Amino acid sequence: MPAKVVLGAQWGDEGKAKIVDFLAAQAEVVVRFQGGANAGHTVIVAGETHIFHALPVGVLNDNTTCVIANGVVLDPESLFAELDELASRGRTVQPGELWVSSCAHVVMPYHRALDRASEAHLGSGAIGTTARGIGPAYRDKVDRSHAFRVMDLLDPDLPIALRAAVASKNQILTAIYGAEPLDAEEIIRGALAHAERLRPFVTDTSVYLNKALDEGKTLLFEGAQGTLLDIDHGTYPFVTSSNTTAGGACTGSGVGPTRINEIIGVTKAYMTRVGNGPFPTELHDDEGERIRELGHEYGATTGRARRCGWFDATIARMSSRVNGLTGLAVTRLDILDTVEHLKLCTAYKYGDQVLEEFPADPRVLAKCEPIYEEIDGWCAPTTEARSVAELPPKAMAYVRRIAELSRTPVAYISVGPDRDETITV
Ligand code: IMO
Ligand code: MG
């Protein structure tokens, strides 16, 4: 597997980190290519829980080099907090073990303030963001007037440019949102301190990654968020501000599409969503509450309760299409171990039509009703299974049906949070 992409096939929180961590044992390099500290990637190794927002999860492996590539919006505060936390657990990450792209854009304190202010301003129309400043940082990247890349953080003229940016953002914060202005000098001091700490980690990561491939090294691309949160293909406007889909791995890293061999879409055996926006198979009843409690479905970044619902194959097919998935990783199968009756959404009913394809128009989606197929639960534990043969036959029948409806083969099945609780199909 010289280059493998692992990305979310739903609305994020699919268990990408667990699959990346499992595969990282065979990879020399793990790359984050989009998003930022909005990600909440949880890995449990030998009973110890690690939650990453900024760092690639490969950082847990001593032999893996981690890369934060150009497509990421990097929040230095979040990055250094995570590095310090890791160091306190005995894992000190040295320059050379982590590379940060000089082209990655930087999340500034005013991006977080603008994110919060904009959400408050939108009121009931709010997106339900993670308040990590992601949208405002990507907006500045596209806008081009007051954006800072990592290389600008290292530039001696940083204070001048940053002072002008803060003045401009303070106008927006105060005049449009009625929020408090931020202290430019404090932001400059923070940025200069971050720049010095960041300097030894900075390189041209596209050069590094392509050279690694030339040397025969294996690369693992760690997606953040999920396909339905993609800025182009997701449930716009209730999406994040980056390309979470497979193409994002290329634009966000400077590795060309011809060098990618496999694209794994991670999907829960049911569905969750955190934040606002449409969710056709959402359960508003006791069943949804039961899945939330069984799966402890609360956000790793914000602690918010996740909305829960049945597996939606319409979405899985869409995800397979836009990503060109070569395989699925079905996670959290064990959460359904005690559920007697399961449902799979096979398509949508829209008026008197049956829609096999996920509709791009939210007005159409709002009027769609899921068409369900009912399946008996297996009502047996799956957590001990380490091969397909050890899974209860009904559990495997459920997974096979997911593959069939998704038109994508299943490559991995996760039956518990720990690294070992994984089946290669
Ligand atoms: P991981 O990588 C789930 C959601 C937010 C909101 C929308 C926009 O852990 O799967 P943003 O802060 O990105 O502007 O918020 O996207 N969202 C996520 N949902 N998992 C994530 O990351 C998410 N990152 C953002 O809840 O609906
Ligand atoms: Mg998460």
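Trainee: Quick one: is Glu 356 buried, exposed or partly exposed?

Mentor: Glu 356 is partly exposed, at 39% relative accessibility. The cut-offs are buried under 20% relative accessible area, exposed over 50%, and partly exposed in between (1.4 Å probe, protein chains only). Keep in mind that this is a predicted model, where local features need pLDDT of at least 70, side-chain atom pairs count only at pLDDT 80 or more, and totals for chains, interfaces and linings use all residues. Side-chain values use heavy atoms, with hydrogens and water left out, and residues are numbered from 1 along each chain as its sequence is written.

Trainee: OK, and what forms a salt bridge with Glu 356?

Mentor: Arg 407 does, with the closest N and O atoms 3.7 Å apart. A salt bridge here is a side-chain nitrogen of Lys or Arg within 4 Å of a carboxyl oxygen of Asp or Glu.

Trainee: Is Arg 407 buried or exposed?

Mentor: Exposed, with a relative accessible area of 56%.

Trainee: Switching topic: how many salt bridges does the structure hold?

Mentor: It holds 31. One of them pairs Lys 16 with Glu 14 at 2.7 Å; Lys 16 is buried at 3%, and Glu 14 is buried at 0%.

Trainee: Which residues are joined into one network?

Mentor: Asp 13, Lys 268, Glu 297, Arg 306 and Arg 332, through salt bridges that share partners.

Key
Chains lettered and ligands numbered in written order.
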